[in-house]
Amino acid sequence: MTESIVNGPIEYCEHIIEAIQSRRSIGRVKQDSVPKAIIEKLIEASTWAPSHHNTQPWRYVVMTGEGRAKLGKGYAEVFTAVTGEKDEEKREKEMKKAFRSPVVIAAICSPSDDKRAVIEEELAAAQAAVQNLLLAAHAYGLGAIWRSGAPMYHEAMHKQFELREDESIVGFIYIGYADMIPPVASRRNVAEVTQWLD
């Protein structure tokens with residue numbers, strides 16, 4: 001009989017820990033297409049993130065091919081709104097940011113109308129869902145990076161994605177097959193960030 005995940009063999013636990021520790025932000029990827037079925041698996045994995053009261057406050061906009069122009073236009077509109085410039089060459093440069101990977105997923109926090117829902121917890125759940133998505137991408141041998149920054153929060157970008165007033169973008173996840181060597185990473189010692197109360 002197969003052991004449950006909770007009481008599973010130590011090898012299973014080690015695989016999960018290894019995946020968490022070996023995942024890296026991959027900023028350069030090839031333009032090779034990624035099968036739709038795999039992207040659907042990544043999103044499915046994301047939806048198993050925890051959320052208070054099981055509100056599941058997330059939704060996604062998947063952009064491939066010319067669909068990435070939606071994000072590109074968002075970057076261009078934010079540029080114009082912030083600088084006042086309408087120079088087409090500069091706007092085109094902003095638009096190209098959306099085409100740095102064959103797949104870009106806009107992860108959106110879409111708060112539940114459950115009266116018990118708290119916006120900070122809804123955002124935390126949506127962000128946890130993005131982490132699940134990143135780990136799933138890593139498991140499928142894909143490179144991914146969670147991009148954010150000021151344009152993500154700008155009204156012009158929200159308008160581009162037709163967000164409700166209570167919705168917000170929690171990340172643009174760029175996905176593809178890695179075209180770089182994953183960087184070496186390190187973390188602070190757990191003793192530095194842990195307080196034990198016995």
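Trainee: Which residue is the bridge partner of I145 in β4?
Mentor: That's Y174. Keep in mind that this is a predicted model.

Trainee: OK. In what sense do β3 and β4 pair, and over how many bridges?
Mentor: Antiparallel, over 5 bridges. Strand β4 covers residues 168-176, and β3 runs 143-147.

Trainee: What is the order of the strands in the sheet?
Mentor: It's an open sheet of 4 strands, in the order β1-β2-β4-β3, and the pairing is antiparallel.

Trainee: Which ones are the edge strands?
Mentor: β1 (58-64) and β3, each pairing on one side only.

Trainee: And how much twist is there from one strand to the next?
Mentor: It averages 20°.

Trainee: Let me step back a bit. How many helices and strands does the chain have?
Mentor: The count is 7 helices and 4 strands. If you read along the sequence, you get α-α-β-α-α-β-α-β-α-α-β.

Trainee: What does the C-alpha trace span?
Mentor: About 60 × 45 × 40 Å along the principal axes of the chain.

Trainee: Back to the sheet, then. Which strands does α2 lie across?
Mentor: Helix α2, residues 36-46, lies across β1, β2 (103-109) and β4. Its direction is at about 165° to β1.

Trainee: And which strands does α3 lie across?
Mentor: β1, β2 and β4 for α3 too, and it runs at about 125° to β4.

Trainee: Now helix against helix. At what angle do α3 and α4 pack?
Mentor: About 135°, with the axes 7 Å apart. Here α3 is residues 69-83 and α4 is residues 88-95. The two are therefore oblique to each other.

Trainee: Is that crossing left-handed or right-handed?
Mentor: Right-handed, for α3 and α4.

Trainee: Which residues meet there?
Mentor: From α3 you have A69, G72, K73, Y75, A76, E77, F79 and T80, and they meet K90, R91, E94 and M95 in α4. By class, that contact has 5 nonpolar, 2 polar and 5 charged residues.

Trainee: What about α2 and α5, at what angle do they pack?
Mentor: About 140°, and the axes are 7 Å apart. Helix α5 is residues 119-139. That angle makes α2 oblique to α5.

Trainee: And the handedness, left or right?
Mentor: α2 passes α5 in a right-handed crossing.

Trainee: Which residues of α2 and α5 meet?
Mentor: L42, I43, A45 and S46 in α2 meet A129, N132, L133, A136 and A137 in α5. They divide into 7 nonpolar, 2 polar and no charged.

Trainee: Changing topic: how many aromatic pairs are there?
Mentor: The count comes to 2 aromatic pairs. One of them is F161 with F172, with ring centres 5.9 Å apart.

Trainee: Why is that pair called tilted?
Mentor: The planes of F161 and F172 are at 35°, so the pair counts as tilted. Stacked would need planes under 30 degrees apart, and edge-to-face over 60.

Trainee: Where do those two Phe residues lie?
Mentor: F161 is in the loop between α7 (155-160) and β4, while F172 is in strand β4. So the pair ties together parts that are 11 residues apart in sequence.

Technical notes:
Residues are numbered from 1 along each chain as its sequence is written. This is a predicted model: local features need pLDDT of at least 70, side-chain atom pairs count only at pLDDT 80 or more; totals for chains, interfaces and linings use all residues. Side-chain values use heavy atoms; hydrogens and water are left out. Axes are lines fitted to C-alpha atoms, for helices over the stretch in contact, and angles run from 0 to 180 degrees between N-to-C directions. Angles under 35 degrees count as roughly parallel, over 145 as roughly antiparallel, 65 to 115 as roughly perpendicular and the rest as oblique. A crossing is left-handed if the near helix is turned anticlockwise from the far one by less than a right angle, and right-handed if clockwise. Contact means heavy atoms within 4.5 Å. Ala, Val, Leu, Ile, Met, Phe, Trp, Tyr, Cys and Pro count as nonpolar, Asp, Glu, Lys and Arg as charged, and the others, Gly among them, as polar. Two strands pair if DSSP finds at least two bridges between them. Rings of Phe, Tyr and Trp (its six-membered ring) pair if their centres lie within 6.5 Å; planes under 30 degrees apart count as stacked, over 60 as edge-to-face and the rest as tilted.
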